[in-house]
Amino acid sequence: MKALRMVRCDWTTQHECPKTGTRCGGWHATWESTQAHYDDMVRMTATGELVTLFMRARTGRRRGWHMWVKPSDKAEFLQGGPEPDPYLPTSIASSPPTILPTEPLPPDPHCHYGEDTGIRAELARPRDDGAPIDASDWLSKEPPPGYRSRWNVDGWEIPGDVVEARLTLDSALQHLAALADTLPAGADIATGRADITHAEREEWLAAQEECKRLAAALATHPWLGSVSDPFGARRAVFAAARKAQAVELTNTAHQP
């Protein structure tokens, strides 16, 4: 069983864009595993809550994936197009099948057990490991209005995904600061006048780790490693992020 999800291609995810190799700012479709009891699957199939879907693989030996999905997810995924036939090669999947005449073989009284027939059978079928299945070739959406693939600031030509990474890091840092404002003061905790719950501690640590991850992702971006003046480049990225925020605020203010 799979569920269709549109994933934003930016620095909030840990996966590179399947089309550009960086971050394009758009959305890409993925199929994610869901769980259900077998009896529930039978009932949902009988009532039409689940339908079958085949998605052809992009490359490799594997033909594709067979899955059970909701009708609404299947309709959104196919976008009015036909579902591919899993039994036809990719090159002729859109053509009607050709039925060739067959002739019966003559009877053979000899036993051929153990002989090599020349037909190799696949001993193990590919199995679903639960990882999300990339469906970006089938369904992708363009970046939001105002997204730029390049920013020219202070003589620097900055890739758009670097600016997006800076904006995402700034947002995570703001969230971390907001969490800190809700926690008791350190002096109160030290003297026993206040305490932090387990849930608050876990939320704080998770937000802290997310900031570290985003900061490391930005610091190790290939563009920052290729410039001759890293300090100047970081200042330009910070300025571009402020400029991007101003543009977003302006666009929001003009929306009805």
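# Group meeting: helices, strands and cores in a predicted model

In helix α2, which covers residues 71-78, the buried residues are Asp 73, Lys 74, Phe 77 and Leu 78. Around the axis they cover an arc of only 120°, which puts them on the same side of α2.

An α-helix has 3.6 residues a turn, so residues three or four places apart point the same way.

Let us step back to the whole chain. The protein chain contains 7 helices and 8 strands. Of its 256 residues, 29% are buried. The chain exposes about 18100 Å², and carbon and sulfur atoms supply 55% of that area. Among contacts between residues at least 6 apart in sequence, 63% join residues at least 24 apart.

I turn now to the strands. Strand β1, residues 2-8, and strand β2, residues 27-33, run antiparallel and are joined by 7 bridges. As one example, Ala 3 has Glu 32 in β2 as its bridge partner.

Is Cys 24 buried or exposed? Its relative accessible area is 18%, and residues under 20% count as buried, so Cys 24 is buried. Leaving aside neighbours within four places in sequence, Cys 24 is in contact with Cys 9, Cys 17, Pro 143 and Tyr 147. Cys 9 and Cys 24 are 15 residues apart along the chain, and their C-alpha atoms are separated by 5.9 Å.

A hairpin comes next. Strand β7 pairs with strand β8, residues 156-159, in the antiparallel sense over 4 bridges. Val 153 stands opposite Trp 156 in β8. The hairpin has 2 residues between its strands, and Asp 154 takes a positive phi near 55° there. Asp 154 is not a glycine, yet its phi is positive. At 65% relative accessibility, Asp 154 counts as exposed.

Just after α2, Gln 79 takes a positive phi of about 55°, although Gln 79 is not a glycine. Its place is in the loop between α2 and β5. With 54% relative accessibility, Gln 79 counts as exposed.

We now come to helix α5, residues 198-219. How far apart should its ends be? At 1.5 Å a residue, the 22 residues of α5 should span 32 Å, and the end C-alpha atoms are 32 Å apart, which agrees. Its buried residues are Ala 207, Cys 211, Leu 214, Ala 217 and Leu 218. Seen down the axis of α5, the buried residues fall within an arc of 130°, so they line one face of the helix. The cover over them includes α3 (160-182) and α6 (222-226).

Finally, I shall describe the nonpolar cores. The largest has 24 residues, and those with the most contacts inside it are Ile 158, Val 163 and Trp 223. Two or more residues come from each of β7 (150-153), α3, α5, α6 and α7 (230-253). Which element gives the most to this core? That element is α3, with 8 residues.

Consider Ile 158 in particular. Apart from neighbours within four places in sequence, its contacts are Ser 149, Arg 150, Trp 151, Val 153, Val 163, Trp 223, Ala 236, Val 237 and Ala 240. There is also a second, separate core of 12 residues, including Leu 53, Met 67, Val 69 and Ala 135.

Thank you for your attention.

Key
Residues are numbered from 1 along each chain as its sequence is written. This is a predicted model: local features need pLDDT of at least 70, side-chain atom pairs count only at pLDDT 80 or more; totals for chains, interfaces and linings use all residues. Side-chain values use heavy atoms; hydrogens and water are left out. The expected span of a helix is 1.5 Å times one less than its number of residues. Buried means under 20% relative accessible area, exposed over 50%, partly exposed in between (1.4 Å probe, protein chains only). The arc is that of the directions from the helix axis to the C-beta atoms. Contact means heavy atoms within 4.5 Å. Accessible areas come from the Shrake-Rupley method with a 1.4 Å probe; for residues, only the protein chains shown count as cover. A nonpolar core is a set of buried Ala, Val, Leu, Ile, Met, Phe, Trp, Tyr and Cys residues joined through side-chain atoms within 4.5 Å. Two strands pair if DSSP finds at least two bridges between them.
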